[in-house]
Amino acid sequence: MSERVKEVVDTIISSIRATMIEKQVTVKEYRAGILYLHELGLKGEIPLLSDVYFNSTAVENENRIYKGTRSDLEGPYYLADSPFITDEIKTLDDVEGEAMIIRGAITSVDGEPIANAELDIWHSTPDGRYSGIHDGVPQDCYRGRVITNDEGRYSVKSTTPIPYEIPSQGMTGQLLQMLGNHTWRPAHIHIKTKKKGFHELTTQAYFEGGDWTENDCCSGVCNSGVNIIAEKHEDGVRIMDIDLVLDKEVI
Ligand code: DHB
Ligand code: FE
């Protein structure tokens with residue numbers, strides 16, 4: 001076992017023991033807790049529950065290493081090999097949605113434009129589903145990869161996502177509700193960048209004033225300095241200006 005794993009696991013064990021002592025956890029309560037974890041595994045909800053409570057903490061740790069745009073949750077719905085696009089993300093004609101243009105400039109932390117960067121963009125349908133994951137939405141819709149131009153800019157047309165409810169009927173949803181929380185994430189757009197020599201940034205952008213922006217159930221939007229984009233329209237079309245600043249890769 002690596003030193004790193006030993007160090008982290010030893011600390012987790014000590015933290016759990018300290019909580020058990022502080023709260024005077026009984027044998028009966030201990031057994032109930034273990035049964036809960038066992039059932040969580042059987043139901044396949046370990047990743048969901050872990051993401052809700054701990055993913056944003058790991059993201060914040062990484063944000064202490066890199067400058068530039070803040071990283072945010074990747075979430076469970078990133079798919080590699082999404083289609084290359086130039087100016088439009090494919091959407092479904094029979095799902096009515098508000099048109100939206102996602103555009104912006106990619107620069108380095110020194111302020112230089114970054115041409116030929118790959119931006120992988122994905123977001124929900126206007127009725128809150130993810131393509132290739134949820135029924136009825138083909139994988140090549142609502143996601144795509146665009147390459148920045150010579151000025152480091154990009155612009156793609158799509159439709160506006162809505163707040164997303166994480167699975168609420170299972171054990172994770174129940175736990176959130178039992179602890180006085182809800183199961184909603186604010187509407188968001190995911191972006192992952194790839195450019196040689198630069199840190200691979202995985203982040204999200206949110207809609208200022210949108211529902212749940214102040215209390216995301218996954219704490220993604222609680223990270224300091226995430227992209228919360230002010231409402232803007234041009235010729236009646238919603239514009240999301242998402243500028244990103246990339247730090248150099250740490251070698
Ligand atoms: C979850 C879903 C998302 O769309 C996201 O961005 C983050 C988390 C989830 O279901 O846990
Ligand atoms: Fe998401």
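Asp 241 counts as partly exposed, because its relative accessibility is 22% and the class runs between buried, under 20% relative accessible area, and exposed, over 50% (1.4 Å probe, protein chains only). Asp 241 lies in strand β11 (residues 237-241), and its C-alpha atom is separated by 15 Å from that of His 123, 118 residues apart along the chain. This is a predicted model, in which local features need pLDDT of at least 70 and side-chain atom pairs count only at pLDDT 80 or more, while totals for chains, interfaces and linings use all residues. Residues are numbered from 1 along each chain as its sequence is written, ligands are numbered from 1 in the order in which they are written, and side-chain values use heavy atoms, with hydrogens and water left out.

**The chain as a whole**

- The secondary structure comes to 4 helices and 12 strands, where helices (H or I, at least four residues) and strands (E, at least two) are DSSP runs, numbered from the N terminus.
- Of the 251 residues of the chain, 41% count as buried, and the C-alpha trace spans about 65 × 45 × 30 Å along its principal axes.

**The iron ion**

- The iron ion (ligand 2) is coordinated at 2.1 Å by Tyr 130 (OH), His 188 (NE2) and His 190 (NE2); donors are N, O and S atoms within 2.8 Å of the metal (3.2 Å for Na, K and Ca), and sites may look incomplete because water is not among the atoms.
- Tyr 130 lies in the loop between β2 (118-123) and β3 (143-147) and His 188 in strand β7 (residues 188-194), so the pair ties together parts that are 58 residues apart in sequence.
- Tyr 130 counts as buried at 1% relative accessibility, and His 188 is buried as well, with a relative accessible area of 3%.

**Ligand 1**

- The residues that surround ligand 1 include Leu 48, Tyr 77, Tyr 130, Tyr 164, Arg 185, His 188, His 190 and Gln 204, a residue being near a molecule if one of its heavy atoms lies within 4 Å of it.
- Polar contacts are pairs of N or O atoms within 3.5 Å; within protein, one must be able to donate a hydrogen and the other to accept it, and residues adjacent in sequence count only if both atoms are side-chain atoms.
- A polar side-chain atom of Tyr 130 lies 3.0 Å from an oxygen atom of ligand 1, and an N or O atom in the side chain of His 188 is 3.1 Å from an oxygen atom of ligand 1.
- Taken alone, ligand 1 exposes 290 Å², and the protein buries 98% of that, with accessible areas coming from the Shrake-Rupley method with a 1.4 Å probe; for residues, only the protein chains shown count as cover.

**Aromatic rings**

- Rings of Phe, Tyr and Trp (its six-membered ring) pair if their centres lie within 6.5 Å, and planes under 30 degrees apart count as stacked, over 60 as edge-to-face and the rest as tilted; by this rule the count comes to 6 aromatic pairs.
- The rings of Tyr 53 and Phe 54 form a tilted pair, because their centres are 6.4 Å apart and their planes are at 55 degrees.
- The rings of Tyr 77 and Tyr 164 have centres 5.8 Å apart and planes at 80 degrees, so this pair is edge-to-face.
- Both Tyr 77 and Tyr 164 are buried, and ring pairs link Tyr 77, Tyr 130 and Tyr 164 into a cluster.
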